[in-house]
Amino acid sequence: MDPGNAIEVRGLSKSFVLERKTGEKGAFGKEKTEKVRRTALEGIDLDIRKGDVVGIVGRNGSGKSTLLKIISHIMEPDEGTVSIDGKIASILELGMGFHPDMTGRENIYLKGELYGFSRGALDERIDSIIAYSGVGEYIDSPVRTYSTGMTGRLAFAVMVNIDADILLVDEVLSTGDVVFAAKAREHFRKLSKSGKTVIFVSHSLGTIEDMCTRGVWIDSGRIMKDGRIKDITSAYMRGVEDSPEIVSDLAEYEVPDAQHRLSLMYRDGRGVEKDEAKREEWLKKSAEQGYVPAQAEYAELLYARGDEASKADALEFYRSAALSGNEEAKARLSAILGGYRADRDADALRAFYRRLADRGNPLDEFRCGDLMLTSARGEDDRREALVWFTKAAERGNCDAMFKVGEMLRDGKGEKKDPKKAVEWFERAAAKGHVRSQFYLGEVYYHGRTVPRDEAKALKWY
Amino acid sequence: MAETTEDGSRGRKALSSPTFDYVDGILLGLYDSRSVLFALVRRNLAGRYRNSYLGFAWQFIFPAVTVLIFYVVFTGIRQNPMEDFAVYLCAGMFPFFFMKTNITQGAGCIVANGAYINKMYFPRSLIVLAQVISSMVVFLISYETAILLAALSGHHLDPLALLCLVPMILLMALFSVGCVLLLSSITVYVRDVQHLMDLGSWLLFWITPIFYVSDETSGILNAIIWSNPLTYFVDCFQSLVYWGEMPGFTQIAACIFMTLVVLTAGFYAFQRLKGGFAERV
């Protein structure tokens with residue numbers, strides 16, 4: 001064994017026998033089971049240098065915990081060897097060893113002894129352990145009355161006293177609150193500075209990046225990558241994002257961005273075979289769940305189909321994406337609408353907007369009116385625009401009120417009616433519509449269509 | 001330290017050194033992790049009855065009530081009543097319950113402590129030792145009390161015989177360790193064993209001469225009684241406490257022989273099977 005190494009793992013393999021129901025009935029009416037070997041670790045070689053602080057990452061069931069258990073001698077490997085230089089302690093579960101009916105104080109002794117302290121050593125440390133745990137007056141109450149956080153803190157307070165050269169820590173840091181997490185991080189930082197060897201297993205990549213210098217990524221019982229922690233965590237993240245099983249698993253679980261990612265994978269044939277139908281299916285699901293990038297992409301796909309129904313759907317998705325602030329969708333939308341306006345068959349667009357406006361949303365009604373007005377080819381269109389604007393205005397849309405005022409003033413879609421126009425302007429202005437206020441100011445100041453009234457002009461200005 | 005220096009047992013296994021070294025290494029490992037043993041014993045004793053009013057007393061109530069019942073029933077129906085029948089009952093009942101507890105509870109002790117086995121390393125045999133030590137504490141207290149009461153009630157006790165109780169109790173403890181080693185490790189793989197032992201110990205109760213005297217039986221019943229290993233131990237205790245004489249040579253020899261057999265078998269089974277504990281409990 002290399003004297004610089006704290007742990008040397010050579011050719012480590014471990015598999016478990018799982019029983020699986022076959023469905024056949026056997027003796028005693030019990031279902032027959034067949035035994036299946038599942039490989040947990042396969043040919044692991046790993047050197048941990050003294051003073052290394054190593055983070056092990058990997059998915060559930062990748063073999064991380066099994067590796068830790070074999071290193072800490074809890075489990076025996078099928079093949080391979082583990083050599084260890086130094087005193088080793090494993091903290092695989094924070095609350096382990098607590099008896100719920102015993103008091104906090106008794107449990108400190110119990111747990112301390114399980115971790116190998118003598119009673120005398122614990123007598124010396126008990127006060128500092130109690131102080132560190134912050135459990136305070138509850139120390140002589142049964143542990144079952146403690147909150148999860150208190151139990152965790154108490155366990156941790158015992159743990160910081162563990163004196164070993166090599167510490168194996170499994171998913172311990174993810175419990176507890178912010179203060180606890182900070183304390184725990186600080187403790188392990190100090191440990192690693194004092195030259196102890198620490199191995200962490202955690203799903204919290206942030207924590208691991210924060211504390212470890214070296215990372216090992218394990219997947220399906222094999223070491224995928226070993227190196228600087230930042231490289232490992234980012235490689236692992238990429239691995240997770242690119243893994244077809246994970247992504248499709250998440251997509252099935254209706255995670256919108258995974259559905260989108262899966263559709264991209266089907267589009268590009270990354271990890272899966274290219275499949276346009278599946279791409280579209282997942283894209284649609286993601287878009288329908290309101291995932292903005294998927295909406296924009298799906299809208300484009302729909303629009304390219306060319307039939308009116310698809311185009312209308314496409315516009316809807318564009319609109320939804322645009323409203324969520326997707327710039328691409330906004331650009332596309334205005335390009336399409338601009339084209340439409342010039343287009344001779346803008347009727348489809350109008351039909352679409354009417355449909356939207358029919359839902360009774362004042363904003364949609366205003367938009368519809370606006371479209372009618374800007375693409376108006378005759379008085380009929382303008383009349384319709386006015387109807388939409390009025391509807392929207394009556395529901396309190398200030399822009400629509402202004403438009404109604406304008407149209408009445410100019411005699412578009414309706415005969416000129418300056419008095420009514422001013423009424424609408426005043427309604428909009430009263431609700432704080434700036435353009436209306438300014439306009440009214442002008443009107444009153446110059447005495448257009450109404451008697452000149454400087455007081456009113458000043459007020460609106 | 002609970003986690004022990006790894007070069008301990010693992011290195012030894014690779015060496016396949018002579019038996020003496022091997023056993024020596026195990027004993028050393030046990031000594032190193034004695035604090036874990038204390039913790040386990042304390043958890044067994046103090047933890048179990050923490051929430052009950054009578055608490056620890058429950059450990060004594062069951063055998064005491066059994067003694068009482070048999071005393072009442074058998075003093076009523078016996079043809080030729082035994083002198084100090086209560087003392088005779090106690091002399092055999094408490095050792096029997098000690099062994100019974102170890103056979104039944106002990107069979108499940110590895111499974112019951114799965115949470116520890118899965119989460120930390122310490123010599124697995126500590127759990128077995130803790131089991132036997134815990135029931136030993138209960139046994140010693142109740143047996144002492146019973147002997148004291150017997151002395152107060154005026155039953156003649158032989159001092160030399162009482163002194164011989166010490167090695168006898170040790171022998172019974174070793175026998176129990178062997179049983180627990182064997183049964184608990186098999187139970188991990190075949191959970192039925194524990195239930196089988198529940199049933200078995202109940203049967204054993206009737207074929208152990210606790211509330212009757214073995215000499216009073218004859219024929220096939222006598223043969224059955226003496227084919228029960230516990231009979232030999234119980235008989236020795238009755239000789240020492242009730243009759244105030246040395247146990248018969250056959251009985252002692254049988255006890256020693258059985259202890260050696262069970263210890264060897266238990267030790268072998270435990271060593272073979274302990275590697276799979278963590279993944280099965």
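The dialogue below treats a strand, a helix and some aromatic rings in turn.

Modeller: This is a predicted model, in which local features need pLDDT of at least 70 and side-chain atom pairs count only at pLDDT 80 or more, while totals for chains, interfaces and linings use all residues. Residues are numbered from 1 along each chain as its sequence is written, chains are lettered from A and ligands numbered from 1 in the order in which they are written, and side-chain values use heavy atoms, without hydrogens and water.

Biologist: Which strands pair with β7(A)?

Modeller: Two strands pair if DSSP finds at least two bridges between them. Strand β3 (residues 53–57) of chain A runs parallel to β7(A) over 4 bridges, with A:G55 opposite A:F200. Strand β6 (residues 166–170) of chain A is also parallel to β7(A), over 5 bridges, and A:L167 faces A:V198.

Biologist: Which residues of helix α16 of chain A are buried?

Modeller: In α16(A), they are A:D381, A:A385, A:L386, A:W388, A:F389, A:A392 and A:A393. The arc is that of the directions from the helix axis to the C-beta atoms. These residues cover an arc of only 165°, which puts them on the same side of α16(A). On the other side, A:D380 and A:E394 are exposed.

Biologist: How many aromatic pairs are found over all chains?

Modeller: Rings of Phe, Tyr and Trp (its six-membered ring) pair if their centres lie within 6.5 Å; planes under 30 degrees apart count as stacked, over 60 as edge-to-face and the rest as tilted. The search of the whole structure finds 34. One of them, A:Y298 with A:F317, is edge-to-face, at 5.3 Å centre to centre and 70° between the planes. It links helix α11 (residues 292–305) and helix α12 (residues 308–323) of chain A, the two residues being 19 apart. Both A:Y298 and A:F317 are buried.

Conventions: Buried < 20%, exposed > 50% of the residue type's maximum accessible area, 1.4 Å probe, protein only.
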